[in-house]
Amino acid sequence: MNPFPLVTAHTGCMGCPDHSLASLRAALAAGADIYEDDIQVTRDGRLVLAHDDEVSLTGGQQGRISELTLAELDEQSAEERIRPEAVLRWMKKTGRTMNLDIKSAACLEPAAAMLVRLEMTDQAFFSGCEYALALEADRIARQIRKLLNVNIDSFLTSPYSDAVARACDEGRSARCLGLNVPYKLVRPELLVAARQAGLAVYVWTVSDPADMRRLAGMGVDSITTRDVTALLAVKADANPNEGGSPR
């Protein structure tokens, strides 16, 4: 029997706002193994939790995080923002793992420096890295583990076996720990090839318990979800004699 996949909580899990302490607390309270959040960087090289570069400012204006200093963002943003470092300090105390979804190459150096400063290089990894970004991460932040975001277009336009081979080749070339794959693209062929290449398979973002059961049965290494309790219920059904403490 395959071990149950690691439970990754997507930011905004359990009905909480994205990039919020409420989401983090809900994920940890539910028992997630990994917590995922998105990283952007300001003009002066400061990291913030955000999915998009575009941001709503006071007065109904729109701006870009990459074009604002942190002080300007704090002053003008229409919403309160917590710092990635605050989230990481919480994670360090719990012993859980952080998935930092890197949204631009400019995030790599400050994010790696933050993890080194907090002594969390073994307790976090990067995702969001398509091949070019994964190669850049390998060049400037090799001490930080990373997932390769597979090329979705290749899966949609090429024979499946070719797309799988490309993903595994790129994952090995960039020295990634594994492949980050939209769950609808996952077939047993991908799992077999990834295992042969020494790559884990992490899948995102799953809502339906039937899909969770199917993917767990296939042997994926992690499932990302906003509904952590649903995934943990699937885990409990699959392993009725296992204790409730997270890995």
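Biologist: Why are H7 and H8 called roughly parallel to each other?

Modeller: Helix H7 (residues 160-173) and helix H8 (residues 188-196) pack at about 30°, with axes 10 Å apart. Axes are lines fitted to C-alpha atoms over the stretch in contact, and angles run from 0 to 180 degrees between N-to-C directions. Under 35 degrees counts as roughly parallel (over 145 roughly antiparallel, 65 to 115 roughly perpendicular, the rest oblique), so H7 and H8 are roughly parallel.

By the way, this is a predicted model: local features need pLDDT of at least 70, side-chain atom pairs count only at pLDDT 80 or more, and totals for chains, interfaces and linings use all residues. Residues are numbered from 1 along each chain as its sequence is written, and side-chain values use heavy atoms, leaving out hydrogens and water.

Biologist: What makes threonine 8 count as buried?

Modeller: Buried means under 20% relative accessible area (exposed is over 50%, partly exposed in between; 1.4 Å probe, protein chains only). Threonine 8 has 1%, so it's buried.

Biologist: What does the side chain of threonine 8 make a polar contact with?

Modeller: The side chain of serine 222, at 2.7 Å. A polar contact is a pair of N or O atoms within 3.5 Å; within protein, one must be able to donate a hydrogen and the other to accept it, and residues adjacent in sequence count only if both atoms are side-chain atoms.

Biologist: And why does threonine 225 count as buried?

Modeller: Its relative accessibility is 0%, so threonine 225 is buried too.

Terms used
Helix = DSSP H or I, 4+ residues; strand = E, 2+ residues; numbered from the N terminus.
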